[in-house]
Amino acid sequence: RTEAAFTLKRPLWWILLLLLAFNAWGLSAGALGIQAGDASVGGTKAWITSQFAVGLTVCLVVALFYRFFLSIAAGMSVIEDDERKVGEILPATPLTPWEYVLGKFAGIVIAYLGVLVLHQVFAVISNQLLPNAKADEIRGPFSLAAYVVPMVAFGLPSILFVSATSFAMGLRFR
């Protein structure tokens with residue numbers, strides 16, 4: 001709980017959240033674009049609210065933005081505790097070293113899974129609610145699965161892998 005609360009207070013977390021909000025708005029307004037195929041040669045163009053388009057966005061945004069911020073947060077968490085001399089008072093608590101490490105890791109993962117959920121909320125608001133002159137051309141009907149399935153299928157495994165790898169590197173090599 002302490003690690004999650006600390007992570008939620010860090011500017012790193014808030015900057016990522018702000019970048020993702022602007023990213024969701026930019027994609028829905030047409031200021032940003034992620035291309036997958038070309039509709040000009042006769043192919044059909046997927047709605048930005050389709051599961052395919054949302055999945056592509058989640059994959060790329062997690063790879064571009066989340067990895068940087070998450071690797072810093074997860075890799076530095078144990079190192080920051082070493083700087084604060086937490087290791088010296090750990091034996092005075094009922095926590096085992098394993099529980100301490102799992103608690104640190106779980107706090108970071110929960111905080112960044114919260115970012116992923118908020119990112120999808122921003123995407124829903126931007127794609128479905130904000131006015132757009134081309135709404136009829138680019139928006140499809142609302143489907144909660146179009147946002148949840150890519151988040152679980154692509155975002156969750158990536159966040160777990162990057163956080164576990166970075167956390168292990170920070171723990172091992174301090």
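**View 1. Lining of the second largest pocket, by residue class.** The lining of the second largest pocket in this predicted model comprises 6 nonpolar, 3 polar and 6 charged residues. Ala, Val, Leu, Ile, Met, Phe, Trp, Tyr, Cys and Pro count as nonpolar, Asp, Glu, Lys and Arg as charged, and the others, Gly among them, as polar. Of the 15 lining residues, T2, D81, L95, Y100 and K104 lie nearest the pocket centre. Helix 5 contributes the most to this lining, 4 residues, while helix 1 (2-9) and helix 4 (86-89) each supply at least two. Helices are DSSP runs (H or I, at least four residues), numbered from the N terminus.

**View 2. The largest nonpolar core.** This core has 33 residues, and L16, Y66, Y112, V115 and F167 have the most contacts inside it. A nonpolar core is a set of buried Ala, Val, Leu, Ile, Met, Phe, Trp, Tyr and Cys residues joined through side-chain atoms within 4.5 Å; buried means under 20% relative accessible area (1.4 Å probe, protein chains only). Two or more core residues come from each of helix 2 (11-29), helix 3 (51-83), helix 5 (97-129) and helix 7 (145-173). The largest share, 11 residues, belongs to helix 5.

**View 3. Surroundings of Y66.** Neighbours within four places in sequence aside, Y66 is in contact (heavy atoms within 4.5 Å) with residues including L16, L20, Y112, V115 and I159.

**Notes.** Residues are numbered from 1 along each chain as its sequence is written, and side-chain values use heavy atoms, without hydrogens and water. Local features need pLDDT of at least 70 and side-chain atom pairs 80 or more, whereas totals for chains, interfaces and linings use all residues; pLDDT is the predictor's confidence in each residue, from 0 to 100.

Technical notes:
Buried means under 20% relative accessible area, exposed over 50%, partly exposed in between (1.4 Å probe, protein chains only). On a 1 Å grid over the protein atoms alone, a cavity is a set of points where a 1.4 Å probe fits but cannot get out, and a pocket is an open set with protein on both sides within 12 Å along at least five of seven lines; lining residues have an atom within 4 Å of a point.
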